[in-house]
Amino acid sequence: MAIYALLDWDTLKKYDISIKDFCKTAKGLKAKILQYRDKNSSLEEKKERLLEIRKHWKKPLIINDTVELLPYCDGIHIGQEDLDALCQKFNLSRYDVVDMLKNSEKLKMKSEKLNIKLYTLHSSLFTKKIVGLSTHNKEEILEANTYPLSYIGLGAYRPTSTKDTDNIIGEKVIDLIKYSYHPVAVIGGVKIYDKIPSKFKVIGSDICRLTSSRLRKKKIFRQK
């Protein structure tokens, strides 16, 4: 069970910690993947932060739902509503949207055809991508099994302050994991020391709290 770090920009601001310090803690916890989630900033601001994250994080980097910035990342994570919105945006079925996101040349060609702007530095960034989809129940898991996904997010495990969570799965997650053909990343209020029989556990606020505590202790030590 590996840690999948969730860098939520609003939570970083809440704890007054930097991207660099968050990434340092995530690396210390031996996290395998990092997702950047930012629901309120402009595309340009998100792009600049992605470039900053890249300076401090060399493992797989995932963008949350912002398809325009996928060329800067190793993959994308989308929710059920995000997937439906992309179906409308690109006039494709759910399966074909997932397939397009995984195969960046298809995304590039479709975007050019529809005049949808993709932010990119170099054409070499168009490679095979990781694609994750949030699921919340057995029905969504079974449907996700029919898509060419890299993994599914499953939750919410607990209530969380970073997102509205009407559907709390709790310990039912253990049985639901068994229905997935894809690797499972448990999401929503997961703690660093939770023992969950999944491929990944997605940790966001707990990494921020740990980072904040580490920085406070460091400051106190310097003052002595």
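1. Both faces of strand S1 are covered, since Ala2, Tyr4, Leu6 and Asp8 on one side and Ile3, Ala5 and Leu7 on the other are all buried, where buried means under 20% relative accessible area, exposed over 50% and partly exposed in between, with a 1.4 Å probe and protein chains only. Counted over the strand, 7 of the 7 residues of S1 are buried.

2. A word on the basis of these remarks: this is a predicted model, in which local features need pLDDT of at least 70 and side-chain atom pairs count only at pLDDT 80 or more, while totals for chains, interfaces and linings use all residues. Residues are numbered from 1 along each chain as its sequence is written, and side-chain values use heavy atoms, with hydrogens and water left out.

3. The overall arrangement is a barrel that 8 strands close in the order S1-S2-S3-S4-S5-S6-S7-S8, with parallel pairing; on average, neighbouring strands of this sheet are turned by 25 degrees against each other, direction ignored. Helices (H or I, at least four residues) and strands (E, at least two) are DSSP runs, numbered from the N terminus, and two strands pair if DSSP finds at least two bridges between them.

4. Around S1, the pairing can be followed to either neighbour. S1 pairs with strand S8 (residues 200–203) in the parallel sense over 4 bridges, and Ile3 stands opposite Lys201 in S8. Towards S2, 5 bridges join the two strands, which run parallel; in S2, Leu6 has Gln35 as its bridge partner, and Leu7 has Tyr36.

5. Strand S2 (residues 33–37) is in turn joined to strand S3 (residues 61–64) by 3 bridges, the two running parallel, and Leu34 stands opposite Leu61 in S3. H3 packs on the sheet and touches S1, S2 and S3, with a direction that makes about 160 degrees with that of S2. As for burial, 5 of the 5 residues of S2 are buried: Ile33, Gln35 and Arg37 lie on one side, and Leu34 and Tyr36 on the other.

6. Helix H2 (residues 19–28) lies across strand S1 (2–8) and S2, running at about 170 degrees to S1. For such values, axes are lines fitted to C-alpha atoms, for helices over the stretch in contact, and angles run from 0 to 180 degrees between N-to-C directions.

7. Which residues touch the most other members of the largest nonpolar core? Of its 59 residues, these are Phe22, Leu34, Ile53 and Leu101, a nonpolar core being a set of buried Ala, Val, Leu, Ile, Met, Phe, Trp, Tyr and Cys residues joined through side-chain atoms within 4.5 Å. A second, separate core of 10 residues includes Ile33, Ile62, Ile187 and Phe200. Leaving aside neighbours within four places in sequence, Leu34 is in contact (heavy atoms within 4.5 Å) with Ala5, Leu7, Phe22, Cys23, Ile53, Trp57, Pro60, Leu61 and Ile62.

8. The axes of helix H4 (residues 80–90) and helix H5 (residues 94–102) come within 9 Å and cross at roughly 90 degrees. On the H4 side, Gln80, Leu83, Asp84, Leu86, Cys87 and Phe90 meet Arg94, Val97, Val98, Met100 and Leu101 in H5.

9. Two single positions deserve a separate remark. Glu45 has its place in helix H3 (residues 43–56) and is partly exposed, with a relative accessible area of 38%; its C-alpha atom is separated by 20 Å from that of Asp82, 37 residues apart along the chain. Gly188, in the loop between strand S7 (184–186) and S8, is buried, with a relative accessible area of 16%. Not counting residues up to four places away in sequence, Gly188 touches Ala156, Tyr157, Arg158 and Thr160, and the C-alpha atoms of Gly188 and Leu154, 34 residues apart along the chain, are separated by 8.3 Å.
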